[in-house]
Amino acid sequence: MAEQFLKKLKKSDSNLSKVKRQTKDWLRGMAYDEVIKGIKRDKRYLSALLSLSYDKTSEISWRAIHLAGKAIGQIAVDDFAGARGQIQRLIWNATDESGTIPWTVPEIMGEAIRENPRPFEDIVPIIVGYSHSETEDNIFLAGVLYALGRIGEVHPQYISDHAKVVVKEGHSHRDPEVVANAIIAAKRLNMPGIQRPPLPQTEDKVQVYYNDKLMTITIGELELLVKNG
C-alpha cells in the first residue's frame, strides 16, 4: 500500500508541475484567456498562478498577480464562498510566520476587487491596514499603494480619505519603491498637486510595474512619465 501511495504522490507532483509549466508558458505568450479557461476547468491553475506571483522583479510574476486577482474576482460571480476562501487564504498567508510570506498579497487582493468589488467590499480596509507597521521596514507598503491605485482607478468610491492619506504620505517615504508606487497611485486616484519633498532617492533607480510593463526608472523620470502619460 505504501508503494501505491508513493506512486500516486509522484503522479500528483508530476501533474502539478505540468500545470505550472503550462501556466508559465501561457503567461510568457500573454495567452491570458487560456489561463482563465484553465482555471475554470481546474483550480490548480489558480494555485500555479499564485505560486508564480512572488517575484516582483519578474514581468511574468506581475502578469500572474494581475490574472490571479482577476480570476478570483470572476470566480466570485458563481462561487462566492470559493472566492472568499481564496481571499481568506491570502490574508492568512500574509500573517504566516513561517518565513514564506508572499509579498504580493495586497496586489492580488487589489486586482480581485478591481475585477469585482461587491463581494470584497470589506477587504479594502484590510489592504489599507497593511500600510501600518511598527517599523519603517514594511514589506507590504509598496503593494498597498499599488493596490489602492488599481482599485480606485476603476472604483473610486472604495477609496477612503484615510487611504488617500496613506498615498500622500507615501510620497515622503525613505524607500524609493514606496515613493514610486505612491506617485503612480496618486495619478490613478486623480490626486494632483501633492508636493513631494526633495529626497536623496530622487535619482535612485527603482523597478515598477506600470502600464503593463516592468521598468527600471528613477523617481524623477517616473514623475515625468506619469505626468505626461
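This report looks at the overall make-up of a predicted protein model and then at how two of its helices, H5 and H6, meet.

## The chain as a whole

Let's start with the big picture. The protein chain contains 11 helices and 2 strands. Reading from the N terminus, the order of elements is α-α-α-α-α-α-α-α-α-α-β-β-α.

## Burial, surface and contacts

The protein chain has 229 residues, and 50% of them count as buried. Its accessible surface comes to about 12400 Å², with 51% of that belonging to carbon and sulfur atoms.

How much of the contact set links residues 24 or more positions apart? Among contacts in the protein chain with a separation of 6 or more, such pairs account for 62%.

## How H5 and H6 cross

Now for a closer look at one helix pair. Two packed helices are described by the angle between their axes and the distance between those axes. Helix H5 spans residues 80-94 and helix H6 spans residues 105-115; their axes come within 10 Å and cross at roughly 160°. Because angles over 145 degrees count as roughly antiparallel, H5 is roughly antiparallel to H6. The crossing of H5 and H6 is left-handed.

## Side by side: the residues that meet

Which residues of H5 and H6 meet? On the H5 side they are Ile-87, Leu-90, Ile-91 and Ala-94, and on the H6 side they are Val-105, Ile-108, Met-109 and Ala-112. Sorted by class, the contact of H5 with H6 has 8 nonpolar residues, with no polar and no charged ones.

How values were computed
Residues are numbered from 1 along each chain as its sequence is written. This is a predicted model: local features need pLDDT of at least 70, side-chain atom pairs count only at pLDDT 80 or more; totals for chains, interfaces and linings use all residues. Side-chain values use heavy atoms; hydrogens and water are left out. Axes are lines fitted to C-alpha atoms, for helices over the stretch in contact, and angles run from 0 to 180 degrees between N-to-C directions. Helices (H or I, at least four residues) and strands (E, at least two) are DSSP runs, numbered from the N terminus. Angles under 35 degrees count as roughly parallel, over 145 as roughly antiparallel, 65 to 115 as roughly perpendicular and the rest as oblique. A crossing is left-handed if the near helix is turned anticlockwise from the far one by less than a right angle, and right-handed if clockwise. Contact means heavy atoms within 4.5 Å. Ala, Val, Leu, Ile, Met, Phe, Trp, Tyr, Cys and Pro count as nonpolar, Asp, Glu, Lys and Arg as charged, and the others, Gly among them, as polar. Buried means under 20% relative accessible area, exposed over 50%, partly exposed in between (1.4 Å probe, protein chains only). Accessible areas come from the Shrake-Rupley method with a 1.4 Å probe; for residues, only the protein chains shown count as cover.
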